[in-house]
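Student: Could you take one part of this model and go over it closely? I would like to see how it is built and what surrounds it.

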Amino acid sequence: MKKPAQSFTLVITGAPYASQAPQTALHFAKAALDAGHRIHHVFLYGDGVHLASNLACPPSDEADWPAQWREFLSSRQISATCCVASALRRGLLDATEAKRYEREAFNVSEPYNIAGLGEWLESSQSSSRTLYFNGSH
Amino acid sequence: MTRRYLFVIDRAPYGDWSGREALDMAFSAAAFDQPVALLFTGAGVQWLRDQQQPAAIEQKTVSRNLSAASLFGIEALYADQASLDRFKLAQSEPSLEISTIGSIREVENQFTDVVRL
């Protein structure tokens, strides 16, 4: 018997190039969609917020995980949040935060928005399961 | 569906930020009236050590954060006995009420969401 489709929230807490978390999460997300499930929301937390930087420039012979994730989120129209407390500590700012903290540059933009832990809780409550990708366990 | 959140802290405090960020998540879930508990295991039991003095490394003691747990509505603090023995923690921070457990799996099974950062 076919199992009913599930909806997943993915929480990524490992940074690209420091951990395997973003890659593992992306492979999971694609496999889940291929199997007919839904990705409800992606929440970047802790070191995972580095994935949202649009200033990452990996060497051209290496996989560009931030770009692959941006492309995946946009093409599949999946919403994604960067936790504001984690992001500010690590220098990940969108235009609004850059203005608020009077910084010259910002490195977070669409498809990510910056918001608080309420987004994590809300999406975890409205998904069938929440998976945490830290890349080190 | 009612969720029950268990946050597993398995790394010592101060070496990285994951434990503090796990606490932020736990406290925020508790603030929204969700059932939440913390489980300390492995080197994570070092969070419970009495008389920590992290000022020399420009950090604030995590005991203060942990003593706020009950105020935030955290239901329980668990620590597994094997890890307490391994790190020779006969007596933990006296202000904390710790439930020692034998089987981690048994505790995890009481929660719908088990979070390891």
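Tutor: Buried is used here for a relative accessible area under 20%, exposed for over 50% and partly exposed for what falls in between, with a 1.4 Å probe and protein chains only. The model is predicted: local features need pLDDT of at least 70 and side-chain atom pairs pLDDT 80 or more, while totals for chains, interfaces and linings use all residues. Residues are numbered from 1 along each chain as written, chains are lettered from A and ligands numbered from 1 in written order, and side-chain values use heavy atoms without hydrogens or water.

The part to look at is the sheet of chain B. The sheet is open, has five strands in the order 4-3-2-1-5 and is paired in parallel. Strands (E, at least two residues) and helices (H or I, at least four) are DSSP runs numbered from the N terminus, and two strands pair when DSSP finds at least two bridges between them. Strand 4 and strand 5 of chain B are the edge strands, each pairing on one side only. Direction ignored, neighbouring strands of this sheet are turned against each other by 25 degrees on average; axes are lines fitted to C-alpha atoms, for helices over the stretch in contact, and angles otherwise run from 0 to 180 degrees between N-to-C directions.

Strand 5 of chain B is joined to strand 1 of chain B by four bridges, in the parallel sense. Across this pairing, Val8(B) stands opposite Arg116(B).

Lys88(B) belongs to the loop that links helix 3 (81-86) to strand 4 (98-101) of chain B. Its relative accessible area is 71%, so Lys88(B) is exposed. Between Lys88(B) and Arg49(B) there are 9.8 Å from C-alpha to C-alpha, at a separation of 39 residues in sequence. Asp33(B) is found in the loop from helix 1 to strand 2 (36-40) of chain B. Asp33(B) counts as exposed because its relative accessibility is 71%. Its phi is positive, about 65 degrees, although Asp33(B) is not a glycine. For background, most residues other than glycine have a negative phi, and most peptide bonds are trans.

The aromatic rings come next. Rings of Phe, Tyr and Trp (its six-membered ring) pair when their centres lie within 6.5 Å; planes under 30 degrees apart are stacked, over 60 edge-to-face, and the rest tilted. Eight such pairs are found over all chains. One of them, Trp120(A) with Phe7(B), has ring centres 6.3 Å apart and planes at 65 degrees, so this pair is edge-to-face. It runs between chains, with Phe7(B) in strand 1 (residues 5-9) of chain B and Trp120(A) in helix 5 (residues 117-125) of chain A. Both Trp120(A) and Phe7(B) are buried. A further pair, Phe40(B) with Trp47(B), is tilted, because the planes stand at 40 degrees with the centres 6.2 Å apart. Phe40(B) is buried at 0% relative accessibility, and Trp47(B) is buried at 2%.

Helix 5 of chain A also meets a helix of chain B. Its axis comes within 10 Å of that of helix 1 (residues 18-31) of chain B, and the two cross at roughly 65 degrees.

A few features of chain A complete the surroundings. Phe8(A), Phe28(A) and Phe133(A) make up one aromatic cluster. The loop between helix 4 (95-100) and strand 4 (112-115) of chain A contains Pro111(A). The peptide bond leading from Glu110(A) into Pro111(A) is cis, with omega near 5 degrees. Glu102(A) has its place in the loop between helix 4 and strand 4 of chain A. Phi of Glu102(A) is positive, near 55 degrees, in a residue other than glycine. With 71% relative accessibility, Glu102(A) counts as exposed.
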